[in-house]
2 protein chains.
Amino acid sequence: MKAVGVVVEYNPFHNGHEYHLRQSKSQTGADLVVAVMSGNFLQRGEPALVSKWSRTKMALENGIDLVVELPYEYATQKAETFSNGAIAILDKLKCSYLCFGSEHGSIQSFNNTLNLIQKNSKRFNEIIRTEMKKGISYPMATSLAYHSLNPESAYINLSTPNNILGFHYLKAIDEQNSKMQPHTIQRTSANYHDEDFTSSTIASATSIRKALFEQNRNLFIVQDYIPHTTFKELEKYIETYGQLHRWEDYFNLLKYKVLTSSHEELSNIYEIEEGLEYRFKREIIGATSFNEFMENVKTKRYTRTRLQRACLHILTNSRKSVIKPDDNDWNKPTYIRLLGMSKIGQSYLRSIKKEIDIPLISKLSSFNQNRIQLDINATYTYSMVLPEAIRSQFIKEEFSTPPLRYDEDKEKYL
Amino acid sequence: MKAVGVVVEYNPFHNGHEYHLRQSKSQTGADLVVAVMSGNFLQRGEPALVSKWSRTKMALENGIDLVVELPYEYATQKAETFSNGAIAILDKLKCSYLCFGSEHGSIQSFNNTLNLIQKNSKRFNEIIRTEMKKGISYPMATSLAYHSLNPESAYINLSTPNNILGFHYLKAIDEQNSKMQPHTIQRTSANYHDEDFTSSTIASATSIRKALFEQNRNLFIVQDYIPHTTFKELEKYIETYGQLHRWEDYFNLLKYKVLTSSHEELSNIYEIEEGLEYRFKREIIGATSFNEFMENVKTKRYTRTRLQRACLHILTNSRKSVIKPDDNDWNKPTYIRLLGMSKIGQSYLRSIKKEIDIPLISKLSSFNQNRIQLDINATYTYSMVLPEAIRSQFIKEEFSTPPLRYDEDKEKYL
């Protein structure tokens, strides 16, 4: 059996994801799809709309065969680190292919760009350093450095989010000597090639979330853009937990944590650098919402995403000493947590199990808690906005729930 | 002018306090009353029903002339430390007398008890140590040690809360070589000597709070037990802040803090000793209320009050390194924060100001924030249950509000 790996957040799973999934299989001819998915917090430093379990169900019910969790220490990081973790896990799960969506759409151009940058890596990195010293953000500096290499039409545009991620996937594959073969599928919401999709059925996850919050979680206004299964899952989540998660609901906790922590304690948090602790403490007193706080602290140097991630690490108490114990081991995940599998996924897993050289976690409670502390803290934190009575159950399930097992033929859970 | 000092929490100010206040003046012949009052958190490790500002108003409107704050590092401690701080501050404010309520009511008996224990201090402390090693609580061990000295009727009963405090006041006066002359007034809710009061007008603050929470903050059910001014203040507080404060409303924050802190971080918190951090982390996951949590963690060794204080220190992030920098300086407050004064209080303060050898804080914002960090953290924490929009104002006021100035003749604020 040959597997194609995909790197996902599914926040929430929508028609565009379904298209990408189908294309990933058809383009590569793979027998199954393996997804490494962010947990309860995402790359932009935000809480997921619904829990990883709910999003795992969306994945399984739409054709993913194996869902594993991208650990917090990769999932909530800049593109490079995020990609390192995701690629390492897909590689350990013996995926033959990687298939990612991108604005560009041609894998050759990605390879050209990677070669260009690697060939000029010294100069490239030097420009990034120099530009950042002037006080601009990392993405901006990277873009400037790239342009100084004069990329032409045979290269990708390295300033769109999915191109950036794709570039780092390829870089990680190269650096990790992975044998995974990369493919890319162009993301263009307006003119997908498949005739089943029109622009009235594809919308970005961002716009779907925005609509949901603006329209008081009315699922009907987004129903054209999501599969029925996603609709059902979101409906059930709102019914059970009373909400969809967003930063604003965690602002109270963030404020509490920032105000009652000393500057020194804050400076021990990952991504709190260069006196950000002073800025945060000073500005959060008067801010009455997370958005207002972000507006007040942002600078040319720090993008909103970068600041959101810093806030998230404060919220989950992710300290430098824990999240980055050793730079050299950065791209080496130390465990793989299973979230769900179809029947095919299960038999695939059985066939490769012996070759996986790090622990495969089925039940959290039987794993060394210290080794997975960041993910546990993420779940604790994520649960804090739930009603008290439901939260205890939510937390208990995190420790005791085995991976979801989905029968794709009978369309039900085992 | 001669001042009598009182040590108070006023949670809330009730008729019994009013009686004590009047007796303090008449028994000592003092010209004014100085109160050292706990801030937003109290000796039993609980939040005050209403803020220190609201309670300062109750004090001023009922005859207190000067209100200063007992710093967090004394206010939330066992009787001995609490008393050391309170006596030191009253002494620095040049009070001629101390007047405290007690179950016993005779100052001579307090002196007898103090002499007895001091004469046998070695044996007394040894018994306490030995008994505590058996796993019983500090108050219980103290009581056993005291009984082993065979105190007779000329001595006080050292197991009732106000006798214990009174004993420590006298001990602190003695150890600090204070010239304050101690007086005590018997607390007996049923038969006060003053005919104006009957049992139908006196109730303990505990029973008043209990009634308020059980009856959905209906002030009318406690109106017979509190002065009209207290009624008005409570009414205004509920109107402005939407609530009366209690532990249960902070449980969410406590849970968040305990769950996301490492064992090591918890063990750095003051009063977290002997592996309490493991017990707390284990038991808080399933607890759905603060009360349930307390029931699950309490042992013969730790009284509920002791555990509440430990939880409070976690909540306010009061670390061992901050709250107790040097054991030898334990009874030396390093500042006095003014909360309010009457006209007499103000002129008294003017007359003694030059003799006060530590900073007298009128406005928090102009004082070194690091030196008063614990009190600031207490206010931050206390404010966390207020609605977002009101909280910012509440915090700003803490930094910018000058002491309340009350004109006792015109019965209004200046």
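Modeller: Let us begin with accessibility. B:Lys396 has a relative accessible area of 45% and is therefore partly exposed; the term buried applies under 20%, exposed over 50%, and partly exposed in between, with a 1.4 Å probe and protein chains only. The model is a predicted one, in which local features need pLDDT of at least 70 and side-chain atom pairs count only at pLDDT 80 or more, while totals for chains, interfaces and linings use all residues. Residues are numbered from 1 along each chain as its sequence is written, chains are lettered from A and ligands numbered from 1 in the order in which they are written, and side-chain values use heavy atoms, with hydrogens and water left out.

Colleague: Where is B:Lys396 found?

Modeller: This residue belongs to helix 19 (residues 388–400) of chain B. Helices (H or I, at least four residues) and strands (E, at least two) are DSSP runs, numbered from the N terminus. B:Ser365 lies 31 residues away from B:Lys396 along the chain, yet their C-alpha atoms are separated by 9.5 Å.

Colleague: Is A:Gln308 buried or exposed?

Modeller: A:Gln308 is buried, its relative accessible area being 3%. The residue lies in helix 15 of chain A. Contact means heavy atoms within 4.5 Å. Neighbours within four places in sequence aside, A:Gln308 touches A:Arg44, A:Gly45, A:Glu46, A:Trp247, A:Phe290 and A:Met294.

Colleague: Which domains does the assignment give for chain A?

Modeller: Domain bounds come from an automatic or database domain assignment. For chain A it gives domain 1 (3–103 + 186–244 + 334–413) and domain 2 (247–315). Their centres, taken over C-alpha atoms, are 27 Å apart. Across the boundary, 16 residues of domain 1 of chain A are in contact with 12 residues of domain 2 of chain A.

Colleague: How many salt bridges does the structure hold over all chains?

Modeller: A salt bridge is a side-chain nitrogen of Lys or Arg within 4 Å of a carboxyl oxygen of Asp or Glu. Over all chains there are 45 salt bridges. One of them joins A:Lys171 and A:Glu175, at 3.6 Å from N to O. These two residues stand about one helical turn apart, because they are four residues apart in helix 8 (residues 161–175) of chain A. A:Lys171 is buried at 16% relative accessible area, whereas A:Glu175, at 44%, is partly exposed.

Colleague: Which residue of chain A forms a salt bridge with B:Glu265?

Modeller: The partner is A:Arg319, with 3.4 Å between the closest N and O atoms. This pair crosses between chains: B:Glu265 is in helix 12 (residues 263–267) of chain B, and A:Arg319 is in the loop between helix 15 (304–315) and helix 16 (320–323) of chain A. B:Glu265 is partly exposed at 23% relative accessibility, while A:Arg319 is buried at 13%.

Colleague: What does the salt bridge between B:Arg337 and B:Glu69 link?

Modeller: The closest N and O atoms of B:Arg337 and B:Glu69 are 4.0 Å apart. The pair links distant parts of the chain, 268 residues apart, with B:Arg337 in strand 6 (residues 336–342) and B:Glu69 in strand 3 (residues 66–70) of chain B. B:Arg337 is buried at 1% relative accessible area, and B:Glu69 is buried at 4%. In chain A, salt bridges that share partners join A:Lys52, A:Glu69, A:Arg337 and A:Glu398 into one network.

Colleague: How many aromatic pairs are there over all chains?

Modeller: A pair of aromatic rings is described by the distance of the centres and the angle of the planes. Rings of Phe, Tyr and Trp (its six-membered ring) pair if their centres lie within 6.5 Å; planes under 30 degrees apart count as stacked, over 60 as edge-to-face and the rest as tilted. The count is 33 aromatic pairs over all chains. Among them is the edge-to-face pair of B:Phe280 and B:Phe293, at 5.4 Å centre to centre and 70° between the planes. B:Phe280 lies in helix 13 (residues 276–284) and B:Phe293 in helix 14 (residues 290–297) of chain B, so the pair ties together parts 13 residues apart in sequence. Both B:Phe280 and B:Phe293 are buried.
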